[in-house]
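Visitor: Could you walk me through how to read the features of a model like this one? I would like the general idea each time, and then the case at hand.

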2 protein chains.
Amino acid sequence: MHAYSLVHDDLPAMDDDDLRRGRPTVHKAFDEATAILAGDALLTLAFELISAPQTHGDPFVRGELVSRLAQVAGHAGMVGGQMMDIMLEGQSPAEQEIVQLQRMKTAALIAYSCEAGAILGKASPSLRAALVDYGRDLGLAFQIADDLLDEEGETAETGKAVRKDALRGKPTMVSILGRDRARAQALVLAKQAARHLDLFDEKADLLRAAADFAVKRRA
Amino acid sequence: MHAYSLVHDDLPAMDDDDLRRGRPTVHKAFDEATAILAGDALLTLAFELISAPQTHGDPFVRGELVSRLAQVAGHAGMVGGQMMDIMLEGQSPAEQEIVQLQRMKTAALIAYSCEAGAILGKASPSLRAALVDYGRDLGLAFQIADDLLDEEGETAETGKAVRKDALRGKPTMVSILGRDRARAQALVLAKQAARHLDLFDEKADLLRAAADFAVKRRA
């Protein structure tokens, strides 16, 4: 699901990016039609995989995985957030609008990735909610860190073109709050994400480290 | 699922169509980014709807609906067929390759539409197979009729641009067999589709009429 969203986001009609992870984007390596279809195929494959009996023996579990994924990835989640993103280009939205956009565009799918573990493991409602909250705050922190990298990073590090958002007049938390406040906000969100894991013992240490990594990474 | 496939197929990088059902295509009425995202949202919505508990109380049934839809719509079905269609442009494929392409691109989703009823109604394997076979032959007949309309129809009737396949050097059953043999083939397939319904009584009359309609329609 994530790979498809990158392939479609990189299209000329969208972000028009030539480079991703240091390599040509799909429409550059092949062509636009192939990139559109590759994205469509990957999106569909996500549902094929999680609905397969091999994923979990319990059909309730598989159904929940499918329903939630469709909700977070679709019009009320990732795709809707991407549309808001496009519509806000050149606008001066309030901070709250940017947060809403990034919840839909980025944080919902990351939160789902955490929730999916809870669904597969038939976790209690409170543990499942904690994992969703962790993923959402991590996702918001990650997006701010990504926007800071777009401002401050180098293509050699990030493997993609930088300083594109400012050129396109795309409002981000960085453009609205400034770099220092945005960086502080990302750190607060990463800490908050980790705090949702207080219900878990040291088994959650890798997730705690992931929250830290999301805001400290250079690429 | 069908609507998304039309929106993406009409994109400039794909069939580049300005008109669909007599109205501007999505990328003409709005823009390309909106059309790409609208398609992505519709594709995802299909899975959201069929995985919802309101669709059927039995999670096995919902899971089967999701799995089969993902299979017929994805890389081994509709999207894969669309990719083959693009790759065969300007080529001279064998008749069997065109049939394979149209099974994937068109007939698989139509067969699924029939199979979905069998899944929802928990039909026996033999009735379910009969409905799938009906849908597949109907789909193949439909596609030949569509290609004939592209050759012979008028935009005022079809609501879309005509004679595009020939201009693009797109091989179809019509370009390979000629109009007369293609028309005969469509009629044979439509009859064969109806014969798969011999297991059913007059409850299947509407489906029998649909097979007839698919090859006689003028739009």
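Visitor: Which exposed residues does the face of helix 11 of chain B turned away from its buried side carry?

Guide: That face carries B:Asp180 and B:Arg181. Helices are DSSP runs (H or I, at least four residues), numbered from the N terminus. Keep in mind that this is a predicted model, in which local features need pLDDT of at least 70, side-chain atom pairs count only at pLDDT 80 or more, and totals for chains, interfaces and linings use all residues. Residues are numbered from 1 along each chain as its sequence is written, while chains are lettered from A and ligands numbered from 1 in the order in which they are written.

Visitor: And which residues of helix 11 of chain B are buried?

Guide: First the general idea: an α-helix has 3.6 residues a turn, so residues three or four places apart point the same way. Here B:Ala182, B:Ala186, B:Leu189, B:Ala190, B:Ala193 and B:Ala194 are buried. Seen down the axis of helix 11 of chain B, they fall within an arc of 135° (taken from the directions from the helix axis to the C-beta atoms), so they line one face of the helix. Their cover includes helix 7 (125-152), helix 10 (173-177) and helix 12 (205-216) of chain B.

Visitor: What does helix 12 of chain B bury, and what does it expose on the other side?

Guide: Its buried residues are B:Ala211, B:Ala214 and B:Val215. They lie within an arc of 85° when seen down the axis of helix 12 of chain B, so they line one face. On the other side, B:Asp205, B:Leu206, B:Ala209 and B:Lys216 are exposed. Helix 7 and helix 11 of chain B are among what covers the buried residues of helix 12.

Visitor: Which residues have the most contacts inside the largest nonpolar core?

Guide: A nonpolar core is a set of buried Ala, Val, Leu, Ile, Met, Phe, Trp, Tyr and Cys residues joined through C-beta atoms within 7 Å. The largest has 116 residues, and those with the most contacts inside it are A:Ala141, A:Ala190, B:Ala141 and B:Ala190.

Visitor: How are the two copies related?

Guide: In general, two copies of a chain are related by a rotation about an axis and a shift along it. Chain A can be laid on chain B with an RMSD of 0.0 Å by a turn of 180° and a shift of 0.0 Å along the axis, superposing by least squares on the C-alpha atoms of residues with pLDDT of at least 70 in both. The copies are thus related as by a two-fold rotation axis.

Visitor: How many residues are in contact between chain A and chain B?

Guide: Two residues are in contact if their C-beta atoms, placed from the backbone, lie within 7 Å. By that rule, 32 residues of chain A are in contact with 32 residues of chain B. Helix 3 of chain A gives the most to the side of chain A that touches chain B, with eleven residues.

Visitor: What do the buried residues of helix 5 of chain B pack against?

Guide: They pack against helix 3 of chain A, together with helix 1 (2-9), helix 4 (59-73) and helix 6 (95-120) of chain B. Those buried residues are B:Met78, B:Val79, B:Gly81, B:Gln82, B:Met83 and B:Asp85.

Terms used
Helix = DSSP H or I, 4+ residues; strand = E, 2+ residues; numbered from the N terminus. Buried ≥ 20, exposed ≤ 12 C-beta atoms within 10 Å, placed from the backbone.
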